[in-house]
Amino acid sequence: MDYHIPPGTETVEKLEDFIVVNRLTANTRIPSERDLCEMWKVSRSTLRQAVDTLVGWGVLYRVKGSGVFVSVPKISRNMVGVDSMTGELRQQGMFLSKKIVSAHVIEATKQISKKLKIPLGHKVYEYILIRNVDYVPSLLETTYLDCQKYPDFDQHYTENTSMNYIFKNVYHKNQSSGEEHISVTYASEDEAQIMETAPDTPLFFTSGVVMDENDVPIIYYKQLIRSDKFKFVSEIYK
């Protein structure tokens, strides 16, 4: 059976191929609307629809009065696997740093107690930190862990150490598995200020629990992630 590819879809593919074949780097202007329409024999409305699609995907961006340009590639975040986000980013050659915004001992709320499987009101460490990717504030993260299971954790954890290293070498716990949920939210004024973006900017919101080798919760976390810096990828295996 023959399938007809809609003109808009075909033009999107042509545009993507044009960027790859011509090795257009970030912030490079693509040819004019007229030139591309003549090249591919498509209408201006079809081409504009294709450009709009790629702008929406973050592949291209517009500058009023100047044209359409290739965007800076977004960082891929694989949603399959138990590797930490920081590990994935380092494998992609990113420079990472973090700043602890606040560190407190609080009483577990109903949500925290449910996620960590601890009694309501139980003492937990709460860490709020900002993660910089290539010097840009990109992730605002809140992490909770049980004070009783990990006594003196605050004596070990600093901006120069990783939680994974402390769990492994101090408490002899391995992060073995986990689950994560993702949705979309918008930056509040306080969040936007910390993340150096505009209020109401779309953000990815993720939350999850990391388990040890015995399926006991180690940490419960929430993250706000800049959608202009990240994309989420799910790998499918046969």
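Visitor: Buried means under 20% relative accessible area. On that basis, is Cys-37 buried or exposed?

Guide: This is a predicted model. In it Cys-37 has a relative accessibility of 10%, so Cys-37 counts as buried.

Visitor: And Cys-147, buried or exposed?

Guide: Cys-147 is buried because its relative accessible area is 15%.

Visitor: How many disulfides, then?

Guide: The count comes to zero disulfides. The criterion is a pair of cysteine sulfur atoms within 2.5 Å.

Visitor: Let us step back. How many helices and strands does the protein chain have?

Guide: The secondary structure comes to eight helices and ten strands. The chain has 238 residues, and 37% of them count as buried. Taking contacts between residues at least 6 apart in sequence, 55% join residues at least 24 apart.

Visitor: What about Lys-41, where does it sit?

Guide: Lys-41 is in the loop between H2 and H3. Its relative accessible area is 72%, so Lys-41 is exposed. The phi of Lys-41 is near 55°, a positive value in a residue other than glycine.

Visitor: Where is Asp-152, which also is not a glycine?

Guide: Asp-152 lies in the loop between E6 and H6. Its phi is positive, at about 65°. With a relative accessibility of 47%, Asp-152 counts as partly exposed.

Visitor: New topic: how many aromatic pairs are there?

Guide: The search of the whole structure finds 13 aromatic pairs. One of them joins Tyr-61 and Phe-69, whose ring centres are 5.6 Å apart.

Visitor: Why is that pair called stacked?

Guide: The planes of the rings of Tyr-61 and Phe-69 are at 20°, so the pair is stacked. The cut-off for that class is planes under 30 degrees apart.

Visitor: And how accessible are Tyr-61 and Phe-69?

Guide: Tyr-61 has a relative accessible area of 26%, so it is partly exposed. Phe-69 counts as buried because its relative accessibility is 15%.

Visitor: What is the geometry of the rings of Tyr-150 and Phe-167?

Guide: The ring centres of Tyr-150 and Phe-167 lie 5.0 Å apart with the planes at 70°, so this pair is edge-to-face. Tyr-150 belongs to the loop between strand E6 (136-146) and helix H6 (153-156), and Phe-167 to helix H7 (residues 163-169), so the pair ties together parts that are 17 residues apart in sequence. Both Tyr-150 and Phe-167 are buried.

Visitor: Which residues form the aromatic cluster with Tyr-150 and Phe-167?

Guide: The cluster is formed by Tyr-125, Tyr-127, Tyr-150, Phe-153, Tyr-157, Phe-167 and Tyr-171.

Visitor: What else is in H7? Say, where is Asn-164?

Guide: Asn-164 has its place in helix H7. Its relative accessible area is 40%, so Asn-164 is partly exposed. Asn-164 and Gln-175 are eleven residues apart along the chain, and 7.3 Å separates their C-alpha atoms.

Visitor: Turning to Glu-196, what does it touch?

Guide: Leaving aside residues up to four places away in sequence, Glu-196 touches Pro-137 and Arg-226. The C-alpha atoms of Glu-196 and Pro-137 are 6.6 Å apart in space, while the two residues are 59 residues apart in sequence.

Visitor: Is Glu-196 buried or exposed, and where is it?

Guide: Glu-196 is in the loop between helix H8 (189-195) and strand E8 (202-211). At 58% relative accessibility, it counts as exposed.

Visitor: Last one: what about Phe-204?

Guide: Phe-204 lies in strand E8. Because its relative accessible area is 17%, Phe-204 is buried. The C-alpha atoms of Phe-204 and Ser-227 are separated by 6.0 Å, the residues being 23 residues apart along the chain.

Technical notes
Residues numbered from 1 in each chain as written. Predicted model: local features only at pLDDT ≥ 70, side-chain atom pairs only at ≥ 80, totals over all residues. Heavy atoms only, no water. Buried < 20%, exposed > 50% of the residue type's maximum accessible area, 1.4 Å probe, protein only. Phe/Tyr/Trp six-rings, centres within 6.5 Å; stacked < 30°, edge-to-face > 60°. Helix = DSSP H or I, 4+ residues; strand = E, 2+ residues; numbered from the N terminus. Contact = heavy atoms within 4.5 Å.
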